[in-house]
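Q: Hi! I'm new to this one, could you walk me through it?

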Amino acid sequence: MIPRHLEIAMAVLLSAVLMLSFYVSRMRARVKATAAVVDNRPVAPPPAGPTEQAALYIAYDDPGVLHAESAAIRLPSGRQERAQELVEALLARYLDKNSPHILPAQADVREVFMVDPGLVVIDLNSALADGHRSGILVETLTIASFSQTLATNLPGISRVKFLVDGKSRETLAGHADLSGDYQIQAIATLSQQLQSSP
Amino acid sequence: MRRTVRLHPSLAFALSLLSFALFVLGDASEPKLISVYSPIANYSLSLARRGSHDYVGLLEILEPLGTVSSRVEAQNWRLRFNSIEGMFPNGAARVRIHGREIDLSAPFLLEGGRGLVPVDSLGTVLPVFLAFPVVFHASGLRLFIREEGTSYTTQLESGTPARLILNFSSPVNPRIATEPGKLRMTFTRDPIIASGPPLVSFNNATISAASFVETNGAAEITITSAVPLLASFGNDGRRITIAPAPSATLPAPSANRNSAAAPQSPPPLSAPPSSPGATTGSPAAAPNRIFVAIDPSHGGAETGATFSPTLVEKDVTLAWARQLRRECEARLLRTMLVRDQDIDLQNDQRAVMVNVARPAIYISLHAASEGKGAHVYTALLSLSTPEQGLFLAWDHAQVQSLASSQAAAAAITAELGKNIPARAVVAALRPLGNIVVPAVALEVAPRNGDLADLADADYQRQVASSVVAALAALRGKLEAAQ
C-alpha cells in the first residue's frame, strides 16, 4: 500500500504539471499573436529642417576620379544627424542604377558617430565591405568619398575611422587600410590628387 | 687616520658591465658563414661553434630548397623535407634518414628546438634528403647543390696600359675593394669556381698576378698590381676588365717590382657599373646590397582581386614581378623578390623582410580590373608623426623616406605615362607605411578595359621596361641614400 504522504506529493506534482502546461500554451499563443501584428512604424524619422546645399564628393570609377558635386539635402541641425544624412545621400547615389561607383546591393552605413574632439566614426555594414570590389583605386575612392564629404560639410572633423559591423577591420576589400584613423589633412591631399584624371 | 674608499654598488655594476662589453667586443671576430649555391637560391648561413666542430641548422639549409618541417619528440628531432623524413637523436652521431643510418662526424645537437649538424657532415646528409649529389668545398665553406658553378678565364692584354680581362660563364656581382698593391673581388652570392690553377702570374710590370681563394663562404679573386686599379663591367656582367686608374702612373721601367707594389697614392675604390659596360670608380655604391625589392602582393589563400574564374590578382602580380626582375637583372640592378612562390605572407612579414634587406627601393605590385593604365602609390601618412623617442612608430616607419618615395613615384609615373595612362597618388596601403626605405606600390590595370591585358606578356614587358628605365635613371640618388 502506498503511504499517504506519497499520494499527496504525487497529486501536488501532477497538478503543478497540468498548470504549467496550461500556462505555456497560453504564452505561446500570445507570442504568435504579437508576431503577427505588422510594424507600421517608419524605419527612421524623416529629417527635419530646411533643404541645404551640400558638397558631395562622388567617385567615378571609369576615369578613376573624385568629383565635388552640389546637392540639395534636407539636413537636421545636430552634427551627428547631419553626418548620417550626408552618408545616406552618398549611399543613395552609389546604389542607384546609374551609379558611377557601384557598391553592393545590400550596402549600408549602420551608424555615424561624432566623437569629440574631431573624430567621426563611420560604421559600415558587412555587406558593403564583403561585397566591395577589390583594388587599391576602387577602395581608396570609397574611403575618400565618405571622408572628404563629411570633412567638407562638417567643419571641425580632424580624423575619420571606419568600422565594419561595429568592429575594426584590417582592410576594406583587401587593400585600403582600415586598421587606423584617417587624418583629414591626408584625405584632403588624396582627394585633390583624385580630382585629376590619369 | 686611515680612510677607507668604498665603491658605490651602482658604480661597481656599471664598471662590471663596461668590462664585460670590452671583453666581448675585444673578442669579436668575423662570424663564420657557409654559402649555399643551388639553381633555386643562393644564400649564406651563420655557423655555430660547439666544441671543436662547426655546426649549422639543418632546417635552415633545406628551407629555401623545398617544403620542410620539423618537430621535437622527447630527445629526438624529426625533420621532414618534401616526402623524406629523418630522425636525429640529440647527442648521437648516428642518425636515420629515409630508412638509412648515417654517421655524422660529431654528435647531432638539439638546441631550443633547432637541429644542428656538423658542417663537414653536410656532404653525406644532404644527398639523402635531396636525392642528388652535393659538392662541399670544406676549406671555403661553400656548398654546391646541383650547381655547376660559374667558371672564369683570365686574359692579359699587355698594351699601354695593360688590361686584365676576366670572362665569366654567367653574370657576376662581386664586392670590390682595393688596398695598396691589390684589387680584391669577393663573390658571396656568385658560385665562382676556379677553372685553372689558383695562382696565375703574368710577366707584366703593371699587373703581375691573379689569385683565387675560397674562404668563409665566399670566393675571392685578388689582382696584384704595381698601380691603383679600376674595375669595369661589360657583357651584361659576364666580363670584368681591370685596368690602371686614369691618374695612376707606372713606376720607372727599371724599378724593382716589389718596391713598386706600393702605389704612390691611395687607390680609388671600384664599384659595379651604373649601366652595362660603364666604368665606375664611385665609392658610394655598395655592390652586394639589394637595389630593388619587388613584392608581388597577396599570395596563398589571400588571392586578392578575382578577375575571372582562372585569373586572380596573386598570380598576375607574381608574373609581373618575375618579368620586372628579368628587366632589372638585364640592367644589372640587384633584385630581390619578396615572394617567388604562391605562399601566404602577412604585411608585417613583408615589411620585416624588406627592412632587414635595406634595398634602395621597394616596389609592391598590384593588379586591377578597374580604371585604365597604371597608378603609382606612395604611403598616405598623417602629417604629424607620433612621438616614440628613439624609435619610429611602426605605422610611420616610412616617414623619413617619404620624399624619396614621392620622387621615385613621380619618375616612374612619368616613364609609364609615355605609353599608358599613369598617375601618382597617395593611398593607405600596407605595408608601404611600415617600410623604412623609399617605397611605392604599382597597380596596373588593362590599357583599354580588356582583362586579357593583365596576362599579356607584351604588356607586362612594356610596363616593366618603363619601371626599370625610371629606376635606372634614379639609381645614383637612391644608392647614395642607401
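Q: What do the buried residues of helix 2 of chain A pack against?
A: They pack against strand 1 (51–60), strand 2 (65–74), strand 3 (109–115), strand 4 (119–124) and helix 4 (136–153) of chain A. Helices (H or I, at least four residues) and strands (E, at least two) are DSSP runs, numbered from the N terminus. This is a predicted model, where local features need pLDDT of at least 70, side-chain atom pairs count only at pLDDT 80 or more, and totals for chains, interfaces and linings use all residues. Residues are numbered from 1 along each chain as its sequence is written, and chains are lettered from A and ligands numbered from 1 in the order in which they are written.

Q: Which residues of helix 2 of chain A are buried?
A: They are A:Arg82, A:Ala83, A:Gln84, A:Glu85, A:Leu86, A:Val87 and A:Leu90. Buried means that 20 or more other C-beta atoms, placed from the backbone, lie within 10 Å of the residue's own.

Q: And in chain A as a whole, what share is buried?
A: Of its 198 residues, 32% are buried.

Q: How many helices and strands are there in chain A?
A: Chain A has five helices and six strands, in the order α-β-β-α-β-β-α-α-β-β-α along the sequence.

Q: New topic: how many residues does the contact take from chain A and chain B?
A: Chain A gives 23 and chain B gives 26, with contact meaning C-beta atoms, placed from the backbone, within 7 Å.

Q: Which element of chain A gives the most to that side?
A: Helix 5 of chain A does, with six residues.

Definitions and conventions:
Buried ≥ 20, exposed ≤ 12 C-beta atoms within 10 Å, placed from the backbone. Contact = placed C-beta atoms within 7 Å.
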